[in-house]
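Please look over the structure shown below before reading the briefing that follows. The notes after it are grouped by topic.

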Amino acid sequence: MGFLIRLVITAIALWVTTLIVPGVHVTGRNGANTTLTLLAVALIFGVVNAVLKPVIKVFGCVFYLLTLGLFALVVNALLFLLTDWIARGLHLPFRVDGFWAAFWGAIVMAVVSWLISVVVPDRSAER
């Protein structure tokens, strides 16, 4: 159940990101198509972050230390661009127009996901 809640939170954060950040687009034919696209891209984003981010942190720990963590912003933007690339490969109507859109999109995604997670507590963590 926690996985589905996390997926929906990420999809909502992605939707808010498309509204706020110019250059991040979801172009579904209708509301249902857009919702399914947001859920699919949220799943891709979650898998990309779960698989690659720990590996990048281990191998890039020197960069994280040298930049006092600012390197994480670049990594998040590149992971957001990778999500766009995978979504394009799956012919999903999701687009990110370059690095800066990905940079700001990743920041908005993180902030909105965090805010929603504060409001919707994870019940599995309480056990």
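Asparagine 49 lies in helix α2, where helices (H or I, at least four residues) and strands (E, at least two) are DSSP runs numbered from the N terminus. This is a predicted model, in which local features need pLDDT of at least 70 and side-chain atom pairs count only at pLDDT 80 or more, while totals for chains, interfaces and linings use all residues. Residues are numbered from 1 along each chain as its sequence is written, and side-chain values use heavy atoms, with hydrogens and water left out.

- When neighbours within four places in sequence are left aside, asparagine 49 is in contact with Pro54 and Leu79, contact meaning heavy atoms within 4.5 Å.
- Aspartate 84 is placed in helix α4, and with a relative accessible area of 6% aspartate 84 is also buried.
- Not counting residues up to four places away in sequence, aspartate 84 touches Phe94, Arg95 and Val96.
- From C-alpha to C-alpha, aspartate 84 and lysine 57 are 21 Å apart in space, and they are 27 residues apart in sequence.

**Helices α4 and α5**

- The axes of helix α4 (residues 71-89) and helix α5 (residues 99-119) come within 8 Å and cross at roughly 105°; axes are lines fitted to C-alpha atoms, for helices over the stretch in contact, and angles run from 0 to 180 degrees between N-to-C directions.
- The two helices α4 and α5 are therefore roughly perpendicular to each other, given that angles under 35 degrees count as roughly parallel, over 145 as roughly antiparallel, 65 to 115 as roughly perpendicular and the rest as oblique.
- Among the residues that make this contact are Leu73, Phe80 and Leu81 of α4, together with Phe99, Phe103 and Met109 of α5.

**Aromatic pairs**

- Rings of Phe, Tyr and Trp (its six-membered ring) pair if their centres lie within 6.5 Å, and planes under 30 degrees apart count as stacked, over 60 as edge-to-face and the rest as tilted; by this rule the count comes to eight aromatic pairs.
- Phenylalanine 80 and phenylalanine 94 form an edge-to-face pair, with 6.1 Å centre to centre and 90° between the planes.
- Phenylalanine 80 lies in helix α4 and phenylalanine 94 in strand β2 (residues 94-96), so this pair ties together parts that are 14 residues apart in sequence.
- Both phenylalanine 80 and phenylalanine 94 are buried.
- Phenylalanine 99 and tryptophan 100 form another edge-to-face pair, at 5.2 Å centre to centre and 80° between the planes; phenylalanine 99 counts as partly exposed at 29% relative accessibility, whereas tryptophan 100 counts as exposed at 56%.

**The nonpolar core**

- The largest nonpolar core has 32 residues, and those with the most contacts inside it are Leu14, Phe80 and Phe94; such a core is a set of buried Ala, Val, Leu, Ile, Met, Phe, Trp, Tyr and Cys residues joined through side-chain atoms within 4.5 Å.
- The largest share of this core, eight residues, comes from α5.

**A loop residue**

- Histidine 91 is found in the loop between α4 and β2, and at 71% relative accessibility histidine 91 counts as exposed.
- Phi of histidine 91 is near 60°, a positive value in a residue other than glycine.
- Most residues other than glycine have a negative phi.

Definitions and conventions. Buried means under 20% relative accessible area, exposed over 50%, partly exposed in between (1.4 Å probe, protein chains only).
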